[in-house]
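These notebook entries record what I looked up in the structure shown below.

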Amino acid sequence: MTLHLINKTPSESSALRDSLAALSNGDALLLIENGVYAAMPAYAELFTRLPGAVQCYLLEDDAIARGLKDLSQDFRAVSYDGFVELSCRYKKVVSWF
């Protein structure tokens, strides 16, 4: 079980697409920094083929700092404490740039 961290928008980097190709059942995806833009409806099609048991999260403070609203309901917003909890829950944490 791996927690995949994405900190770039899909237009800034191939990090999101690369991470999506590497996801396995039981993994989780956490959008941080500019990565939270990927939770916007315009990018919804990128997430249509996720393995069934993949959990999706976004760092709430980063979304708020960017003024983002109406984000995909497929992403659960977490606080910094939630970020730490997720990092401890998963065996590996991989940052994609």
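**Entry on Ser 19.** I looked up the accessibility of Ser 19 and found a relative accessible area of 0%, so Ser 19 is buried (under 20% relative accessible area is buried, over 50% exposed, in between partly exposed, with a 1.4 Å probe and protein chains only). I note that this is a predicted model, in which local features need pLDDT of at least 70, side-chain atom pairs count only at pLDDT 80 or more, and totals for chains, interfaces and linings use all residues. Residues are numbered from 1 along each chain as its sequence is written, and side-chain values use heavy atoms, with hydrogens and water left out.

I placed Ser 19 in helix H1, residues 15-22 (a helix is a DSSP run of H or I, at least four residues, numbered from the N terminus). I then found that the side chain of Ser 19 reaches the backbone oxygen of Leu 16 at 2.8 Å. Leaving aside residues up to four places away in sequence, I listed Ile 6, Leu 29 and Trp 96 as touching Ser 19 (contact means heavy atoms within 4.5 Å).

**Entry on cysteines.** I searched for disulfides and counted 0 (a pair of cysteine sulfur atoms within 2.5 Å would qualify). Cys 56 is buried because its relative accessibility is 9%, whereas Cys 88, at 64%, is exposed.

**Entry on Gly 82.** I located Gly 82 in helix H3, residues 80-89. Its relative accessibility is 17%, so Gly 82 counts as buried. From C-alpha to C-alpha, Gly 82 and Val 54 are 17 Å apart in space, and 28 residues separate them in sequence.

Note on methods. Helix = DSSP H or I, 4+ residues; strand = E, 2+ residues; numbered from the N terminus. Polar contact = N/O pair within 3.5 Å; in protein donor to acceptor, adjacent residues only side chain to side chain.
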